[in-house]
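Trainee: Please take one position in this chain and go through its surroundings closely. I would like the setting of the whole chain before the detail.

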Amino acid sequence: MIVAICLLVVGLIMLVWSADRLVFGSAALARNFGISPLVIGMTILAMGSSAPEMMVSATAALEGKTDTAVGNVLGSNIANIALILGITALVKPLSVSSGVLRRELPLMIGVTLVAGGIMWNHYLGFMEGVLLVVLFAAFIITMLRISRAEKLKGDTMISEQESEVPDGVENKKAIFWVVVGLIVLPISADLLVNNAVIIAKYFGMSDLVIGLTIIAVGTSLPELAASLAGVMKGEDDMAVGNIIGSNVFNILAVMGIPGLLNPSFLNEDAMNRDFWVMLGVSLLLVVMALGKSRSINRIEGSILFLLFIAYQGYLIMNV
């Protein structure tokens with residue numbers, strides 16, 4: 001068991017690191033080939049924070065662990081809002097001023113409802129996977145159009161996002177990191193999933209619960225680092241935007257993967273319990289972010305954080 005825990009931690013560290021290197025190299029290459037920073041920021045960088053979830057879900061699905069893949073999506077989205085934004089708001093209250101965010105938040109709720117509709121019959125099939133991928137492409141196109149319009153208005157989040165795009169990186173170095181990321185990412189995901197399953201069996205946890213807890217929290221760590229770094233630099237919109245974008249990508253891209261690779265029935269708790277938690281914290285975020293103050297203060301951050309602790313405690317106590 002100790003060996004499995006150690007290997008899981010190693011796999012998680014490798015997963016986060018390799019995803020970061022892959023995104024860095026890909027963004028640098030795209031910049032060198034003349035793709036605009038706005039497009040890179042809204043695609044490669046925005047999807048980068050969900051790269052660990054994508055690889056874990058693909059690995060889990062290929063190994064017949066669709067519940068783990070879906071649990072990873074639901075758990076990561078809950079953790080992104082309740083844990084990460086909760087902690088971030090406790091460190092520094094978050095203001096929400098970006099026009100992009102005010103449009104993204106309703107889209108996030110819409111996408112979340114789509115996930116509920118797909119899981120309603122407790123089955124994730126191939127056609128559902130195709131639908132999610134198509135909606136993902138439509139979302140990217142929509143956000144690019146919104147971002148271009150908001151950039152003309154001087155939206156702060158757009159400039160913050162563009163500043164994150166690497167510049168002046170040689171092609172050789174960029175290609176090196178892309179190759180390293182592509183090699184290490186699947187290896188680390190396999191290491192993480194296999195040892196998570198061993199731990200789950202030892203404690204009598206279901207595939208769904210292991211995805212909702214250990215894997216979800218672990219793969220959400222990049223968002224925590226990005227959000228904390230953002231608020232410390234005064235980039236509040238960027239911090240919130242990372243979470244919203246990650247949640248949308250998780251549902252449309254990451255949840256679509258197990259549907260395409262391993263269509264199967266789902267643990268009924270995914271819909272009957274965990275979906276409603278995800279929808280609840282998502283609606284709570286909308287109320288907080290789009291309220292009169294257009295901010296998430298420390299009290300609201302503490303509420304989010306305590307909700308996450310209570311939810312995780314419930315899952316663990318009811319194994």
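Mentor: Of the 319 residues in the protein chain, 56% are buried, meaning under 20% relative accessible area with a 1.4 Å probe and protein chains only, where over 50% is exposed and anything in between partly exposed. The model is predicted, so local features need pLDDT of at least 70 and side-chain atom pairs pLDDT 80 or more, while totals for chains, interfaces and linings use all residues. Residues are numbered from 1 along each chain as its sequence is written, and side-chain values use heavy atoms, without hydrogens and water.

The protein chain has 14 helices and four strands, taken as DSSP runs (H or I, at least four residues; E, at least two) numbered from the N terminus. Its accessible surface is about 13000 Å², and carbon and sulfur atoms hold 70% of that; the area comes from the Shrake-Rupley method with a 1.4 Å probe.

Val-70 sits in helix 4, which covers residues 66–91. Val-70 counts as buried because its relative accessibility is 1%. Apart from neighbours within four places in sequence, Val-70 is in contact (heavy atoms within 4.5 Å) with Met-119, Leu-124, Met-255 and Leu-266. Gly-256 is 186 residues from Val-70 in sequence, yet their C-alpha atoms are 9.4 Å apart. For the chain, 89% of contacts between residues at least 6 apart in sequence join residues at least 24 apart.

An unreviewed UniProt entry lists several spans as "transmembrane region", including 239–261; such annotations may be inferred rather than shown by experiment.
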